[in-house]
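Subject: Structure handover and notes

Dear colleague,

Please find the structure below, followed by my notes on what was found in it.

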Amino acid sequence: MTGVVQRYVAALNAGDLEAIVALYADDATVEDPVGSEPQRGIAAIRAFYAGALRLPLQVALQGEVRAVANEAAFAFSVSVEYQGRKTVVAPIDHFRFNEAGKVVSMRALFGEQNMHAG
């Protein structure tokens, strides 16, 4: 599970949409942020990340991955620059995995208090 998280971060940094999508099960859900309408299935997840990758991201793990049973959680930072303004978001993502090691559920926990001018 820790390896999947590391590949996820690397793929976000590389802007590699196919590498991100490959981490998910066909019937996975992505709720980013928590409280928004979940993206369901690979097509919706691909479209979600395609939108997220329109601008280059700088992603870095903040501390160690917490992994137990079939779940992992990790804090990280996402830096993005848009129209000369840099923003840093500091979410905690929660992944749930199936027996094949694919992500079946991703939930991103963050709010306004976790977004800062960079």
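Leaving aside its neighbours within four places in sequence, which residues is Ser-105 in contact with? With contact taken as heavy atoms within 4.5 Å, Ser-105 touches Thr-29, His-94, Phe-95 and Arg-96.

Before going further, please note that this is a predicted model, in which local features need pLDDT of at least 70 and side-chain atom pairs count only at pLDDT 80 or more, while totals for chains, interfaces and linings use all residues. Residues are numbered from 1 along each chain as its sequence is written, and side-chain values use heavy atoms, with hydrogens and water left out.

Strand 8

Ser-105 belongs to strand 8, where helices (H or I, at least four residues) and strands (E, at least two) are DSSP runs numbered from the N terminus. Ser-105 has a relative accessible area of 8% and is therefore buried, the classes being buried under 20%, exposed over 50% and partly exposed in between, with a 1.4 Å probe and protein chains only. Strand 8, which covers residues 103-109, is mostly covered, since five of its seven residues are buried.

Two strands are counted as paired if DSSP finds at least two bridges between them. Strand 1 (residues 24-31) runs parallel to strand 8 and is joined to it by four bridges, with Val-30 standing opposite Met-106. Strand 7 runs antiparallel to strand 8, with six bridges between them, and here His-94 stands opposite Arg-107. The hairpin of strand 7 and strand 8 has five residues between the strands, and within this hairpin Gly-101 takes a positive phi near 85°.

Salt bridges

The structure holds two salt bridges, the criterion being a side-chain nitrogen of Lys or Arg within 4 Å of a carboxyl oxygen of Asp or Glu. In one of them, Glu-31 is paired with Arg-107, and the closest N and O atoms are 2.9 Å apart. This pair links distant parts of the chain, given that Glu-31 in strand 1 and Arg-107 in strand 8 are 76 residues apart. Glu-31 counts as buried at 15% relative accessibility, whereas Arg-107, at 33%, is partly exposed.

The side chains of Arg-46 and Glu-18 also meet in a salt bridge (3.0 Å, N to O). Here too distant parts of the chain are linked, with Arg-46 in helix 3 and Glu-18 in helix 2, 28 residues apart. Arg-46 has a relative accessible area of 30% and is therefore partly exposed, and Glu-18, at 46%, is partly exposed as well.

Helix 3

Which residues of helix 3 (residues 42-52) are buried? They are Ile-42, Ile-45 and Tyr-49. Because these residues cover an arc of only 65° around the axis, they lie on the same side of helix 3, the arc being that of the directions from the helix axis to the C-beta atoms. Ala-43 and Ala-47, on the other side of helix 3, are exposed. The buried residues of helix 3 pack against helix 1 (2-14), helix 2 (17-21), strand 1, strand 2 (39-40) and strand 8.

Surface patch

Val-34, Ile-92 and Leu-109 form a nonpolar patch on the surface, with about 230 Å² of accessible area together. Accessible areas come from the Shrake-Rupley method with a 1.4 Å probe, and for residues only the protein chains shown count as cover. Patches are made of residues with over 30% relative accessible area and no salt bridge, like charges being joined within 9 Å and nonpolar side chains (Val, Leu, Ile, Met, Phe, Trp, Tyr) within 5 Å. Ile-92 is found in strand 7 (residues 92-97) and, with a relative accessible area of 42%, is partly exposed.

With best wishes
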